[in-house]
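Dear colleague,

I am passing on a structure that I would like you to look through before we discuss it. My notes follow below it, starting with the ligand and its surroundings.

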Amino acid sequence: MTTTARPAASDVKDLSLAAEGRRRTEWAERSMPVLRLLRERFTRERPLAGRRLSACLHVTTETANLAVTLQAGGADVALCGSNPLSTQDDVAAHLVKDHGIKVFAIKGEDHATYYEHIRAALAHRPDITMDDGADLVGALHMIALNRLDDLAPPVRRWVETLSGADRKALVAGVAGSTEETTTGVIRLKAMARDGVLQFPVIAVNDSDTKHLFDNRYGTGQSTLDGILRATNLLVAGSTVVVAGYGWCGRGFALRARGAGANVIVTEIDPLKALEAQMDGYRVLPMAEAARVGDVFVTLTGNTHVIRVEHMRTMKDGAVLANSGHFNVEIDLDGLKQAAQGPTRVREFVDEWRLGGRRIFVLADGRLINLAAAEGHPASVMDMSFANQALAAEHVVQHARELTKDVHRIPRELDEGVARLKLAAMGVAIDTLTPEQQKYLASWEMGT
Ligand SMILES: NC(=O)c1ccc[n+]([C@@H]2O[C@H](COP(=O)([O-])OP(=O)(O)OC[C@H]3O[C@@H](n4cnc5c(N)ncnc54)[C@H](O)[C@@H]3O)[C@@H](O)[C@H]2O)c1
């Protein structure tokens, strides 16, 4: 898969890790047949030729396969991490050393370095941006709206050195953007609603071949994987509290039950709560669930879902983890004020003392599946990232007619990804007969 050894201006941990990163990226590629087919077409057709693309994504083996696909399509790619803990340093090294892709990401980077890396991705002056959580687009919009005080210091200091015309050109140069996750799409829809969105965005998360599989089966499995790698706890017989019964929550509840846990769901949406109840889970408010849970996992995309008032009533030894996009779902600032600690008792496990009890917080409340495990299995990311590559192509092909709004990928592309995935899995399906087509299109026929 090596395309070029051109050294790039990058910031990664250690280039000598590249060989291991390449081996692991090739292993992931074996489970990404749809993306591989797209890469073959991109190599022939070069739909992204001459485009600068800045991506802010979790730097994993699957993302490496996407980055190489975008490069095969002709894009000049810069990549920064979308979470300070999710970068796989060997993969970052591999992309730089073997493909000449500019990568700005180091696992465990501090807040300032994280934003210095966002700055570097913006300084690439992208025609297309690709986000997982809208950090790049968020910064571009603060620049467009001249809200420099809302930028993180490394980005603000750089923007202050740019002329007004340069700042305008930076934002105006973006033909469109793509967004990977629910939380990012929520932010972007809020921007569109407020009339401030500066360019069209494709909500990759809204494709059925993304959220039905990645959010549900990917997050479901990898969240359990992350908790187990961090703690090595026995799931069977434990009480697991799942906050949020959306796509991610449904998937995680299913896997926790499959491993033998008694699962409790907390929700704020009556329909989702009803669904959880009828799916056979116990549904409780967090205030009640807090007293009985052994392990708590937030997957809501909301803030302060587990608060100190809940933690005070938890059992000694309760374990708290988050798999929602940002580290705001567990009120860690409140915990810091109220409790003593933290003591690091194991990698990714911090012990806090609260009123004579121990509370264990995993991975600083950041995405547990990416911090303590490897993120989603490649097989689901195959579809998510096929959608990302198609969305980038769609932006290039339709930039003129796309309005400054949040758009879905056209249905036929979504179905195309599903068909390719089924074919790769060796699964055949039926097609409508002419009679069935006519029946479904008519309203005159009754019993
Ligand atoms: N860990 C990962 O790799 C990964 C993958 C995909 C998405 N995500 C993130 O996970 C989060 C959830 O995504 P989703 O696709 O499941 O979203 P979703 O909208 O389908 O589900 C979120 C659910 O949380 C519920 N909720 C909101 N506030 C709540 C509260 N205070 N208490 C209990 N429930 C509450 C909502 O009613 C909704 O049912 C987002 O932040 C998303 O970006 C993470």
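The ligand is surrounded by 27 residues, counted as near when one of their heavy atoms lies within 4 Å of it, and the closest are Thr181, Thr182, Thr183, Glu267 and Asn369. This is a predicted model, in which local features need pLDDT of at least 70 and side-chain atom pairs count only at pLDDT 80 or more, while totals for chains, interfaces and linings use all residues. Residues are numbered from 1 along each chain as its sequence is written, and side-chain values use heavy atoms, with hydrogens and water left out.

By class, the shell holds eight nonpolar, 16 polar and three charged residues, where Ala, Val, Leu, Ile, Met, Phe, Trp, Tyr, Cys and Pro count as nonpolar, Asp, Glu, Lys and Arg as charged, and the others, Gly among them, as polar.

Oxygen atoms of the ligand lie 3.2 Å from a polar backbone atom of Trp247, 2.9 Å from a polar backbone atom of Cys248 and 2.6 Å from a polar side-chain atom of Glu267. The protein buries 87% of the 870 Å² that the ligand exposes when taken alone (Shrake-Rupley method, 1.4 Å probe).

Helix 9 (182-193), helix 10 (208-231), helix 11 (247-258) and helix 16 (368-371) each give two or more residues to this shell, helices being DSSP runs of H or I with at least four residues, numbered from the N terminus. Of these, helix 10 and helix 11 pack with their axes 7 Å apart and at an angle of about 50°, the axes being lines fitted to C-alpha atoms over the stretch in contact and the angles running from 0 to 180 degrees between N-to-C directions. The two helices, helix 10 and helix 11, are therefore oblique to each other, since angles under 35 degrees count as roughly parallel, over 145 as roughly antiparallel, 65 to 115 as roughly perpendicular and the rest as oblique.

Best regards

Technical notes: A polar contact is a pair of N or O atoms within 3.5 Å; within protein, one must be able to donate a hydrogen and the other to accept it, and residues adjacent in sequence count only if both atoms are side-chain atoms.
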